[in-house]
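Subject: Structure for your attention

Dear colleague,

Please find the structure below, together with its sequence.

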Amino acid sequence: MILSGARVALGPGETAPLEIEIRGGRIRRLGRRLEGRPRLRLEGCLILPGLINAHDHLEFNLFPRLGRGPHPNAGAWARVVHRPAESPVREHLRVPQSTRLVWGGLKNLLSGATTVCHHNPTGAAVFRRRFPVRVVRRMGWAHSLEFSPDLAARFRHTPADQPFVVHLGEAVDGSGKRELRVLQGMGALARRTVLVHAVALDAAEFDRVRQAGAAVVWCPSSNLFTLGRTAGPELFQSGVPVALGTDSALTGAGDLLDELRVARRASGLSREDLYRMVTIEAARILRLRHGEGAITEGGVADLAVVRDAGRAPAASVRPPELVLVGGRVKLVSEALAGGLPGALRRRFEPLQVAGRPGVLVDADVSGLVRRAVRALGPEIRLAGKRVRACM
Ligand SMILES: [Zn+2]
């Protein structure tokens with residue numbers, strides 16, 4: 001397939017009028033004029049790299065936010081919300097886990113995210129067949145020092161060229177500072193270590209993180225909800241690499257587009273800095289090896305196509321009209337669907353979440369809705385937004 005007629009993002013502030021040839025799931029060529037068919041005409045569009053959500057718990061995205069803070073630390077929050085026998089957790093846990101995971105994938109797809117770092121096991125069969133987005137597999141992880149007694153072993157078993165992702169410093173009391181010392185004492189603060197949250201750390205501690213070559217995933221809306229605070233200038237001026245994550249709907253504000261808005265308000269960082277946090281910087285931190293987060297020849301064809309308002313890529317991140325994951329169309333607007341072959345169009349079902357344009361997605365939306373409604377009643381919400389299986 002050749003994508004033609006659009007501007008192509010080459011960085012946060014750089015574009016070129018290029019055509020993209022996709023073959024075998026990869027970007028085969030970029031060029032001013034490419035021969036070949038079929039062609040998908042994208043006049044008036046801007047092609048961005050698919051975004052990268054560096055932290056989510058996919059199975060919790062139909063849940064409402066639970067346990068509004070401020071709490072002193074994540075353990076205190078967890079003890080308040082962990083009520084599996086009580087409503088609403090009880091009803092939500094009745095939705096099959098595979099169904100909940102796919103809904104989490106759809107939350108990300110609708111925002112233009114094509115890669116997600118899911119913080120939980122990724123072995124389930126549901127990830128292997130028609131899952132809406134790419135889920136990072138080459139990684140090690142542990143929940144946290146508090147809830148993972150085997151953290152040191154998990155770290156050791158993570159190959160040096162893969163990220164080891166762990167919640168740390170999700171606190172505004174002294175417990176967070178203790179955690180960095182304990183992690184370092186175990187020998188688990190290293191180049192491959194990726195600390196999720198790190199709200200409790202000060203400038204000197206971020207300097208230790210930087211010296212170790214480790215990185216941070218920042219989830220500001222989740223932090224503000226549970227702790228009433230998030231990381232500030234001491235993180236952004238430390239030189240520690242930072243990626244952005246939504247966390248799940250249990251605590252996060254919504255999808256990655258919502259998170260970018262919260263992040264900008266909370267930090268005053270430039271759109272360019274934030275764009276890097278959901279593209280190339282996230283790819284580097286998560287050790288993604290196939291060109292994710294960029295549009296380059298030979299890289300995976302993970303693309304999010306948006307309406308072109310003539311602005312720079314960093315100022316153009318908005319709900320997508322078309323999303324490709326590994327060259328496969330996973331989401332398309334009704335306006336662009338007419339340009340796709342009929343056999344392909346038949347795979348799609350309509351989906352709309354409140355406040356966003358209706359789109360067609362490559363998923364069994366009617367089945368997903370049915371299985372959710374059976375447990376939750378007629379009104380279901382995806383990361384806080386009401387879902388409709390029609391447009
Ligand atoms: Zn988390």
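**Helix packing**

The crossing of helices α3 and α14 is left-handed. Please bear in mind throughout that this is a predicted model. Helix α3 covers residues 97-110 and helix α14 covers residues 365-376; their axes come within 10 Å and cross at roughly 125°. An angle over 145 degrees would count as roughly antiparallel and one from 65 to 115 as roughly perpendicular, so α3 is oblique to α14. On the α3 side the contact is formed by T99, V102, W103 and L106, and on the α14 side by L368, V369, R371 and A372. Sorted by class, the residues of this contact comprise six nonpolar, one polar and one charged.

**Cysteines**

How many disulfides does the structure hold? It holds zero. C117 is in no disulfide, and the nearest cysteine sulfur, belonging to C219, is 10 Å away. A disulfide requires the two sulfur atoms to be within 2.5 Å. C117 is also buried, with a relative accessible area of 0%. C45 has a relative accessible area of 1% and is therefore buried, the cut-off being under 20%.

I295 is situated in the loop between α11 (280-285) and β16 (303-307). Is this residue, I295, buried or exposed? With a relative accessible area of 5%, I295 is buried. Leaving aside its neighbours within four places in sequence, I295 is in contact with V8, A9, L10, I20, I27, L30, I47, L48, P49 and L303.

E321 belongs to the loop between β16 and β17 (322-325). Its relative accessible area is 14%, so E321 counts as buried. Which residues does E321 contact, leaving aside its neighbours within four places in sequence? They are V305, V306, R307, L331, V332, S333 and L336.

**Backbone features**

The bond from R37 to P38 is cis, with omega near -5°. P38 is placed in the loop between β5 (26-31) and β6 (39-41). The bond from G69 to P70 is likewise cis, with omega near 10°, and P70 is placed in the loop between β8 (51-56) and α1 (74-81).

Positive phi values should be noted as well. D247 has a positive phi of about 60° although it is not a glycine. This residue, D247, is found in the loop between β15 (242-244) and α9 (256-267), and it is buried, with a relative accessible area of 5%. A383, which is not a glycine either, has a positive phi of about 45°. The position of A383 is in the loop between β21 (381-382) and β22 (385-388). At 7% relative accessibility, A383 counts as buried.

**Points to view in the structure**

- the contact of α3 with α14, including W103 in α3 and R371 in α14;
- C117, with the sulfur of C219 at 10 Å;
- I295 and its contacts, among them V8, I47 and L303;
- the cis bonds from R37 to P38 and from G69 to P70.

Yours sincerely

Technical notes. Residues are numbered from 1 along each chain as its sequence is written. This is a predicted model: local features need pLDDT of at least 70, side-chain atom pairs count only at pLDDT 80 or more; totals for chains, interfaces and linings use all residues. Side-chain values use heavy atoms; hydrogens and water are left out. Axes are lines fitted to C-alpha atoms, for helices over the stretch in contact, and angles run from 0 to 180 degrees between N-to-C directions. Helices (H or I, at least four residues) and strands (E, at least two) are DSSP runs, numbered from the N terminus. Angles under 35 degrees count as roughly parallel, over 145 as roughly antiparallel, 65 to 115 as roughly perpendicular and the rest as oblique. A crossing is left-handed if the near helix is turned anticlockwise from the far one by less than a right angle, and right-handed if clockwise. Contact means heavy atoms within 4.5 Å. Ala, Val, Leu, Ile, Met, Phe, Trp, Tyr, Cys and Pro count as nonpolar, Asp, Glu, Lys and Arg as charged, and the others, Gly among them, as polar. Buried means under 20% relative accessible area, exposed over 50%, partly exposed in between (1.4 Å probe, protein chains only).
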